[in-house]
There are 2 protein chains.
Amino acid sequence: MISQKMQGLVDNNSVIRQMFEEGKRMALEFGEDKVYDFSLGNPNVPAPDKVGQTIENLLKNEDPVMLHGYMPNAGFTDVRDRIASSLNRRFDTSFTADNIMMTVGAAGGLNCALKALINPGDEVLTFAPYFVEYRNYVANYDGVLKEVAPDTETFQPDLEAFKDAVTPKTRALIINNPNNPSGVIYPEDTITAIADILRKKQEEYGTEIFIISDEPYRELVYTGAEVPYITKYYDNTIVGYSFSKTLSLPGERIGYLVIPSEASDHDRLFQAVTIANRVLGFVNAPSLMQKVVAECLDEKADIDFYARNRDTLYDALREYGFSCIKPEGAFYMFIKSPTPDEKEFVSRAKEEHILLVPGSSFACPGFVRLAYCVSYETCVNSLPGFKKVAESFGLIRK
Amino acid sequence: MISQKMQGLVDNNSVIRQMFEEGKRMALEFGEDKVYDFSLGNPNVPAPDKVGQTIENLLKNEDPVMLHGYMPNAGFTDVRDRIASSLNRRFDTSFTADNIMMTVGAAGGLNCALKALINPGDEVLTFAPYFVEYRNYVANYDGVLKEVAPDTETFQPDLEAFKDAVTPKTRALIINNPNNPSGVIYPEDTITAIADILRKKQEEYGTEIFIISDEPYRELVYTGAEVPYITKYYDNTIVGYSFSKTLSLPGERIGYLVIPSEASDHDRLFQAVTIANRVLGFVNAPSLMQKVVAECLDEKADIDFYARNRDTLYDALREYGFSCIKPEGAFYMFIKSPTPDEKEFVSRAKEEHILLVPGSSFACPGFVRLAYCVSYETCVNSLPGFKKVAESFGLIRK
């Protein structure tokens with residue numbers, strides 16, 4: 001009855017989202033403090049105080065017709081100006097409002113970018129492990145997502161495999177930096193190498209290949225590591241940003257796209273993403289939240305909170321014999337399954353009321369994702385369960 | 001460079017939106033009070049006070065992590081419950097939260113509905129004149145919008161033409177009640193007749209044909225006329241609602257879909273629209289605004305304000321010799337062009353700084369749309385200009 005494209009999606013509904021709903025069910029059954037739900041990237045740190053204060057000020061001082069009204073589809077010009085200035089100050093770029101389109105979260109932005117770029121049959125590359133929705137976003141426009149197999153030692157892009165994967169049909173590469181689910185950051189030399197490869201391939205094939213950089217975790221960095229600003233390394237780039245994680249506003253759906261002036265046919269591309277924003281039914285990013293984020297560009301949620309969770313879990317899991325890379329950014333740990341079929345590991349953890357997402361959901365079986373954007377108590381109280389799981393897989397002796 | 005599908009859209013960018021931006025430009029050049037911009041359905045009545053009060057209360061009393069956080073893709077269950085109850089009370093229906101999905105405005109909701117229903121090549125019918133974006137929404141899923149020609153005397157659906165237009169490929173009919181751009185309401189006997197036709201055609205062809213009713217103007221009714229609630233007349237229905245007009249929140253992108261339990265394969269269809277919400281990149285309707293509208297279900301913007309504009313313009317335009325149906329709902333007047341090519345009329349009006357949208361944008365050439373959701377002063381001050389236009393077309397003597 002439903003459309004063919006949706007049939008497969010309904011039959012294989014998002015494992016992550018199912019777990020989120022399962023977690024809510026288990027919390028009702030066993031009590032919220034007895035369930036350790038590490039399944040969803042739903043920040044548990046409240047938005048900075050300035051968010052609420054800004055909303056109150058805007059309600060007091062601004063004309064409600066403007067504040068809640070339509071504006072150009074690309075967003076309020078003053079908001080786009082301020083975002084451009086903030087980026088310029090931080091990353092030594094030279095954007096103006098003409099480079100910024102406000103979007104309904106990063107997910108909305110990526111859909112606009114793909115709608116603007118993809119013809120049916122076009123290939124979009126990404127590095128496994130990757131955020132599973134990329135496949136659906138690309139399929140919305142009849143493109144084909146091709147994954148470059150992961151380097152499960154470092155979780156850095158396998159550049160040789162990448163080079164071989166680029167074809168005349170390649171239209172874009174989606175990268176996610178810092179990475180969900182691995183928590184690694186792609187450093188400058190990796191970005192430079194990717195850019196070099198794509199420049200050569202563009203020339204070889206006479207095509208235009210875009211890097212779409214999905215950066216909701218840009219501000220969530222623990223190690224002092226720099227996350228290179230992609231537009232400085234390659235011309236045909238689109239950056240997708242979201243305030244979901246930085247300002248703990250995931251439900252509000254507020255983000256932006258950056259399309260640098262150096263991108264091929266910039267003006268027409270910018271018009272295309274703006275029109276895509278309209279015809280896909282977003283129309284515009286939520287108006288009040290546009291005005292809010294413009295006042296909060298120097299704010300961020302309490303990162304020390306996530307750092308403490310990371311350290312607590314990482315140290316304990318290593319002690320119990322689990323193996324995983326120490327995350328440099330985002331709020332995920334990608335843990336090697338102690339048994340080849342990671343779904344077994346996920347099931348065993350669930351018996352201890354610990355909810356994890358199988359790595360197959362990120363095109364990387366044999367691993368599981370743990371989202372540590374939860375309360376500190378959840379982390380600490382989950383540890384005995386993790387210990388039991390480790391024991392049952394023989395990682396440590398009882 | 002951009003995708004083929006977007007090329008046509010960029011080349012023929014929305015006339016309405018272009019005018020909106022042209023209006024802003026003219027306001028800068030000539031002064032805001034010297035430009036009479038009737039081009040966009042952007043409410044000029046502020047949101048009811050309760051909207052701002054509710055936001056303040058929510059900020060004071062609710063956990064910010066919940067208030068701005070993720071929830072199930074269909075929306076907060078308590079919000080969906082309250083909307084169901086409100087509909088049940090007002091329309092004698094029996095919905096529950098399982099019939100309501102919160103959406104990013106009506107435009108977002110319609111896109112989710114179409115993604116869930118349409119296979120490539122499916123036909124979607126609508127009655128001209130119609131909101132021009134329907135064509136783009138249907139094309140997003142490779143469906144084909146077929147318009148039923150208008151009855152330019154009454155602007156009620158031509159039921160004989162409709163009957164002939166339904167084919168085995170017909171997947172849905174989009175209606176818009178009250179109607180943009182004509183301002184008419186389809187009464188109960190029209191809805192009953194449409195439902196009868198579709199039931200027969202479903203049986204004849206062995207297909208399922210949906211009525212998608214786009215109802216952002218449901219609460220904007222001047223005449224005491226009833227707008228029939230479509231789910232009571234036909235099983236395969238989806239209602240798209242938006243708070244944009246009722247609560248004057250068009251920039252906030254908040255609305256919902258209703259999918260009645262009687263719809264064929266309801267559970268799977270509901271799952272499909274919910275997943276469509278996710279994969280199209282909406283993810284969920286903005287969280288704070290979900291909580292706000294749930295508290296404001298009995299509020300509406302000041303309709304007397306629009307009624308005064310309607311009466312002022314209607315009376316004057318009739319006096320100047322223009323011909324048009326008196327709107328029963330929404331905030332649009334659809335005026336017959338005094339010259340066959342309505343673009344000439346639009347150009348002449350623009351010389352008087354009056355911005356109108358040509359009827360060709362609604363598949364109804366020979367007419368123009370006037371959106372009277374503007375200040376009363378704009379209406380009154382535009383009248384001398386309209387009079388001059390009437391004179392120049394010989395409707396009245398100088």
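Modeller: The questions and answers below set values against definitions.

Modeller: This is a predicted model, in which local features need pLDDT of at least 70 and side-chain atom pairs count only at pLDDT 80 or more, while totals for chains, interfaces and linings use all residues. Residues are numbered from 1 along each chain as its sequence is written, and chains are lettered from A and ligands numbered from 1 in the order in which they are written.

Colleague: Why is A:Ala330 called buried?

Modeller: A residue is buried if 20 or more other C-beta atoms, placed from the backbone, lie within 10 Å of its own, exposed if 12 or fewer do, and partly exposed in between. A:Ala330 has 29 other C-beta atoms within 10 Å, and therefore it counts as buried. A:Ala330 also has a positive phi of about 60° although it is not a glycine. Its place is the loop between α12 (303–319) and β9 of chain A, where helices (H or I, at least four residues) and strands (E, at least two) are DSSP runs, numbered from the N terminus.

Colleague: What makes B:Asp142 partly exposed?

Modeller: B:Asp142 has 15 C-beta neighbours inside 10 Å, so it counts as partly exposed. Phi of B:Asp142 is near 60°, a positive value in a residue other than glycine, and B:Asp142 lies in the loop between α7 (133–140) and β4 (144–148) of chain B.

Colleague: Why are the buried residues of α2(B) said to line one face of the helix?

Modeller: The buried residues are B:Ile16, B:Met19, B:Phe20 and B:Gly23. Seen down the axis of α2(B), they fall within an arc of 105° (the arc of the directions from the helix axis to the C-beta atoms), so they line one face. The face turned away from that buried side carries the exposed residues B:Arg25, B:Leu28 and B:Glu29. Among the elements covering the buried residues are β1 (36–37), β10 (354–355) and β11 (357–358) of chain B.

Colleague: What makes β11 and β12 of chain A a pair?

Modeller: Two strands pair if DSSP finds at least two bridges between them. In chain A, 2 bridges join β11 to β12 (residues 367–371), and the two run antiparallel; A:Pro358 stands opposite A:Val368 in β12(A).

Colleague: Why are β9 and β11 of chain A called edge strands?

Modeller: The open sheet has 3 strands in the order β9-β12-β11 of chain A, with antiparallel pairing. β9 (332–336) and β11 (357–358) each pair on one side only and are the edge strands.

Colleague: How many residues of chain A are in contact with chain B?

Modeller: Two residues are in contact if their C-beta atoms, placed from the backbone, lie within 7 Å. By that criterion, 68 residues of chain A are in contact with 68 residues of chain B. Elements giving two or more residues to the side of chain A that touches chain B include α1 (4–11), α2 (15–30) and α3 (49–61) of chain A.
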